[in-house]
Amino acid sequence: MKRKQFLLPCLLIVTTIILTGCGSDEEYKQELQTEIQELENEIEELEAIRDGLISKDDISYIIEIEISQSHFTLDIDEHLKDSLNTITIPVEVSQEYYYSVEIGDTLNSDLRIGSAVFKGSFGSWDITVKDKETVENH
């Protein structure tokens with residue numbers, strides 16, 4: 001009997017704690033929506049401050065692309081020639097494109113069809129992003 005007298009109040013206490021600690025899904029959704037809205041407002045404020053400090057016209061976005069050629073051959077001279085003929089070119093791009101590519105990304109890797117047809121040489125052009133930088137215009 002003592003055990004039942006002890007268990008009943010404990011069970012009531014535990015049940016009360018669980019039920020009061022659990023809110024409804026709607027309450028959680030509303031809290032999350034409120035937090036999301038507050039964060040979005042904060043982002044907008046910070047972007048406005050940033051735009052006031054630096055005009056977008058004052059920044060140039062530059063990616064450095066590397067253009068190289070590679071051949072499918074066992075000829076060491078061809079591999080040396082390919083490595084010596086690699087060029088790097090800086091290109092000014094839009095802000096959106098600048099942030100859409102990463103260093104090391106391959107922009108193009110096409111098989112050289114003309115050389116394959118006329119010379120029997122199988123090779124490709126490889127164009128990759130070697131470096132990225134932003135430059136402030138004064």
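Which residues make up the largest nonpolar core? In this predicted model, the largest nonpolar core consists of Tyr-61, Ile-63, Ile-65, Ile-67, Val-93, Tyr-98, Val-101 and Val-129, eight residues in total; a nonpolar core is here a set of buried Ala, Val, Leu, Ile, Met, Phe, Trp, Tyr and Cys residues joined through side-chain atoms within 4.5 Å. Because the model is predicted, local features need pLDDT of at least 70 and side-chain atom pairs count only at pLDDT 80 or more, while totals for chains, interfaces and linings use all residues. Residues are numbered from 1 along each chain as its sequence is written, and side-chain values use heavy atoms, with hydrogens and water left out.

- Val-93, once its neighbours within four places in sequence are set aside, is in contact with Tyr-61, Ile-63 and Tyr-98, where contact means heavy atoms within 4.5 Å.

**Aromatic rings**

- The structure holds three aromatic pairs, a pair being rings of Phe, Tyr and Trp (its six-membered ring) whose centres lie within 6.5 Å, with planes under 30 degrees apart counted as stacked, over 60 as edge-to-face and the rest as tilted.
- Tyr-61 and Tyr-98 form a tilted pair, with 5.2 Å centre to centre and 55° between the planes; Tyr-61 lies in strand β1 and Tyr-98 in helix α4 (residues 95–100), so this pair ties together parts that are 37 residues apart in sequence.
- Tyr-61 and Tyr-99 form an edge-to-face pair, at 6.0 Å centre to centre with 65° between the planes, and because Tyr-99 lies in helix α4 and Tyr-61 in strand β1, the pair ties together parts 38 residues apart in sequence.
- Tyr-61 is buried, with a relative accessible area of 9%, whereas Tyr-99 is exposed at 52% (buried means under 20% relative accessible area, exposed over 50%, partly exposed in between, with a 1.4 Å probe and protein chains only).
- The charged end of Lys-132 sits over the ring of Tyr-98, 4.5 Å from its centre; this requires NZ of Lys or CZ of Arg within 6 Å of the ring centre and within 35 degrees of the ring normal.

**Glu-64 in strand β1**

- Glu-64 lies in strand β1 and counts as partly exposed, because its relative accessibility is 24%.
- Apart from its neighbours within four places in sequence, Glu-64 is in contact with Thr-88, Ile-89, Pro-90, Thr-128, Val-129, Lys-130 and Asp-131.
- The C-alpha atoms of Glu-64 and Glu-133 are separated by 8.3 Å, although these residues are 69 residues apart along the chain.

Note on methods:
Helix = DSSP H or I, 4+ residues; strand = E, 2+ residues; numbered from the N terminus.
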